[in-house]
Number of protein chains: 2
Amino acid sequence: MKVLIIGAAGMVGRNLTEALAESGKLGDQPVSGMTLFDVVPASAQGNSRVTVEVETGDISDRAVVGRLVAGRPEVIFHLAAIVSGEAEADFDKGYRINMDGTRNLFEAIRALGDYHPRVVYTSSIAVFGAPFPEAIGDEFITAPMTSYGAQKMIGELLLNDYSRRGIFDGVGIRLPTIVVRPGKPNKAASGFFSGIIREPLAGVEAVLPVDDDVQHWVASPASATGFLIHAATMDTAPLGARRCLTMPGLSVTVGEMIAALGEVAGEDRVGLIRREPDATIRAIVAGWPRNFDAARAIEAGFTADASFQDIIRAHMHDTGLREGET
Amino acid sequence: MKVLIIGAAGMVGRNLTEALAESGKLGDQPVSGMTLFDVVPASAQGNSRVTVEVETGDISDRAVVGRLVAGRPEVIFHLAAIVSGEAEADFDKGYRINMDGTRNLFEAIRALGDYHPRVVYTSSIAVFGAPFPEAIGDEFITAPMTSYGAQKMIGELLLNDYSRRGIFDGVGIRLPTIVVRPGKPNKAASGFFSGIIREPLAGVEAVLPVDDDVQHWVASPASATGFLIHAATMDTAPLGARRCLTMPGLSVTVGEMIAALGEVAGEDRVGLIRREPDATIRAIVAGWPRNFDAARAIEAGFTADASFQDIIRAHMHDTGLREGET
């Protein structure tokens with residue numbers, strides 16, 4: 001089986017690539033080759049069983065996307081996107097990559113005529129906008145309040161329509177905020193959710209710009225990889241015309257995250273969190289979803305982390321920290 | 001005030017043009033000029049107060065749309081669309097006109113920079129797809145089951161996002177099925193809803209392809225005109241980020257429609273309805289919404305017909321028939 005990963009250089013793409021290279025399989029099918037595509041070269045993580053090709057380019061160029069699908073990979077992961085903040089700052093770029101790029105991919109598949117791959121598309125909980133109910137269910141209106149959310153939702157509508165017509169077999173997964181993101185702090189407004197765990201564990205001070213009662217919907221990097229692999233291998237028949245699912249996650253408050261950090265890694269770590277309220281970030285976060293009832297995804301076999309403690313432990317494991325040794 | 005009507009040659013566009021020409025006003029603003037645009041020439045219905053220009057072209061041509069908005073009309077009605085059946089039969093044409101054409105219009109407005117008109121966009125209850133609750137509320141998921149519905153929903157997302165960014169001041173209205181459509185029967189799957197009233201009133205046999213208990217969401221042509229005028233003149237501030245509203249209507253069964261026909265026009269008219277079940281039409285109609293709770297639109301001042309009897313009487317009035325004289 002050949003696999004194409006578009007957006008392979010990002011965190012989610014790297015983790016997926018690593019998992020596929022390590023197992024050499026997708027479900028019970030051996031992976032013979034992977035094409036890793038992004039605007040910058042993804043790191044090739046092949047081995048003797050899996051041939052890896054690294055390609056770079058711009059998905060808003062139809063010809064580039066046409067060449068990518070010409071090899072007819074059985075599974076395509078479409079993870080590429082201009083993120084929320086950048087899509088808000090650069091209107092044209094957001095629409096060009098997130099909307100036109102996604103459509104280019106779908107049209108390139110359609111142009112081949114007799115080619116009907118599984119397409120896994122990463123959408124986002126940004127397709128939802130306030131005001132929200134206590135828990136957002138599978139029938140709640142998608143009313144994005146950012147250009148990124150609108151673009152992701154347009155991708156969902158296209159994915160549903162192309163799938164309904166049998167052009168390809170699509171699954172859209174709305175990812176929770178991924179916590180704990182490894183690496184350096186980034187400038188995303190959601191960055192502090194990872195920072196208040198990652199930095200103290202590394203012995204570094206972290207800034208918390210919101211109140212302790214801020215509640216959010218999170219999943220670990222490993223859960224995200226699991227969602228993608230399940231979406232690529234699941235039976236899509238039960239999804240009917242609604243191919244896009246809110247992924248399961250944990251609804252936790254900042255206070256609960258900090259308590260879990262103290263429990264798993266010690267109270268001295270908690271002392272490295274410095275409260276520095278930021279009105280701008282508080283306002284942005286106030287419009288974000290806090291809690292979901294992801295019943296359809298759970299019924300379809302997607303599984304989330306059992307607890308926030310587990311998420312912290314997984315991050316410590318990934319970064320070589322052992323509990324009690326931090 | 002200058003008004004641009006895109007899709008002016010269709011039934012809804014003709015009725016709107018007529019109403020604006022007759023009153024010479026939009027809200028309390030005098031209409032100085034109307035540009036009527038469509039793929040075929042719309043009939044100019046100007047008078048001494050209102051200058052009318054008729055133009056033809058294709059909204060999928062960006063240059064054409066650029067020229068249309070160059071005159072900076074204060075209000076733009078965007079009614080143009082490839083209808084449901086044709087968008088399903090011709091994938092490329094549906095996306096080209098309904099999605100790209102709508103985006104071309106929005107982008108042409110944006111390109112002018114300091115121009116922020118009111119844009120009224122006709123969406124459709126086709127943005128919803130089964131399974132439905134008993135009455136579809138304003139927070140129910142939009143999950144279209146046709147390409148037309150997907151394209152209309154993409155237009156809604158763009159309209160919301162461009163409005164949120166202050167590019168223009170948009171209102172989207174999801175029209176019920178319009179009954180009684182004047183003129184000849186057409187091939188739309190929904191055509192019989194009008195046919196079973198219009199044809200008997202004209203002394204002609206009508207075919208009913210579905211069962212009497214089929215229930216649907218309808219509004220009169222006059223209500224549709226009223227929706228458009230209210231959308232063009234209302235205060236949009238209370239809409240917040242959700243600029244698209246399900247219009248109020250009447251939820252009636254075919255049996256209730258036929259009973260109303262008998263009541264208003266006599267039982268002999270009912271005798272002209274011939275039941276000829278059609279499995280294809282029954283299957284299509286089974287996927288359509290039956291009933292809505294259009295609370296937001298009602299709160300925003302949109303008003304529907306009081307009864308199906310009134311809808312029949314309005315059609316009789318429009319076509320010169322008087323009650324008791326049919």
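Q: How many residues does the contact take from chain B and from chain A?
A: In this predicted model, the contact takes 36 residues from chain B and 35 residues from chain A. Residues are counted here when their heavy atoms lie within 4.5 Å.

Q: What area do chain B and chain A bury between them?
A: The two chains bury about 3,100 Å², and carbon and sulfur atoms account for 53% of it. On the side of chain B, B:Phe91, B:Leu157 and B:Arg242 supply 20% of the area buried against chain A, more than any other three residues.

Q: Why is the pair B:Glu88 and A:Arg165 called a salt bridge?
A: The closest N and O atoms of B:Glu88 and A:Arg165 are 3.7 Å apart. A salt bridge requires a side-chain nitrogen of Lys or Arg within 4 Å of a carboxyl oxygen of Asp or Glu, so this pair qualifies. The count between chain B and chain A is 8 salt bridges.

Q: Which elements of chain B give two or more residues to the side that touches chain A?
A: They are helix 3 (84–89), helix 4 (91–112) and helix 5 (147–164) of chain B. Helix 5 of chain B gives the most, with 9 residues. By class, this side of chain B divides into 20 nonpolar, 4 polar and 12 charged residues.

Q: Why does the salt bridge of A:Arg103 and B:Asp100 join two chains?
A: The side chains of A:Arg103 and B:Asp100 meet at 2.6 Å, N to O. A:Arg103 lies in helix 4 of chain A and B:Asp100 in helix 4 of chain B, so the pair joins two chains.

Q: Why is A:Arg103 called buried?
A: The relative accessible area of A:Arg103 is 16%. Buried means under 20%, so A:Arg103 is classed as buried.

Q: What makes the pair A:Glu156 and A:Arg174 tie together separate parts of chain A?
A: The closest N and O atoms of this salt bridge are 2.7 Å apart. A:Glu156 lies in helix 5 of chain A and A:Arg174 in strand 8 (residues 169–175) of chain A, so the pair ties together parts that are 18 residues apart in sequence. Both A:Glu156 and A:Arg174 are buried.

Q: Why do B:Arg110 and B:Glu107 fall into separate accessibility classes?
A: B:Arg110 has 23% relative accessibility, which lies between the limits of 20% and 50%, so B:Arg110 counts as partly exposed. B:Glu107 has a relative accessible area of 12%, under 20%, and is therefore buried. Their side chains meet in a salt bridge (3.0 Å, N to O). Both residues lie in helix 4 of chain B, 3 residues apart, about one turn of the helix.

Q: How do you know that domain 1 and domain 2 of chain A touch?
A: In chain A, 24 residues of domain 1 are in contact with 21 residues of domain 2. The area buried between these domains is about 1,900 Å², of which carbon and sulfur atoms give 61%. A:Ile125, A:Asp138 and A:Thr246 supply 24% of the area that domain 1 buries against domain 2, more than any other three residues.

Q: How many salt bridges and polar contacts are found between domain 1 and domain 2 of chain A?
A: The count is 0 salt bridges, whereas 9 residue pairs are in polar contact, with both residues at pLDDT 80 or more.

Terms used. Residues are numbered from 1 along each chain as its sequence is written. Chains are lettered from A and ligands numbered from 1 in the order in which they are written. This is a predicted model: local features need pLDDT of at least 70, side-chain atom pairs count only at pLDDT 80 or more; totals for chains, interfaces and linings use all residues. Side-chain values use heavy atoms; hydrogens and water are left out. Buried area is the accessible area (1.4 Å probe) that two parts lose on being put together, summed over both. Helices (H or I, at least four residues) and strands (E, at least two) are DSSP runs, numbered from the N terminus. Ala, Val, Leu, Ile, Met, Phe, Trp, Tyr, Cys and Pro count as nonpolar, Asp, Glu, Lys and Arg as charged, and the others, Gly among them, as polar. A polar contact is a pair of N or O atoms within 3.5 Å; within protein, one must be able to donate a hydrogen and the other to accept it, and residues adjacent in sequence count only if both atoms are side-chain atoms. Buried means under 20% relative accessible area, exposed over 50%, partly exposed in between (1.4 Å probe, protein chains only).
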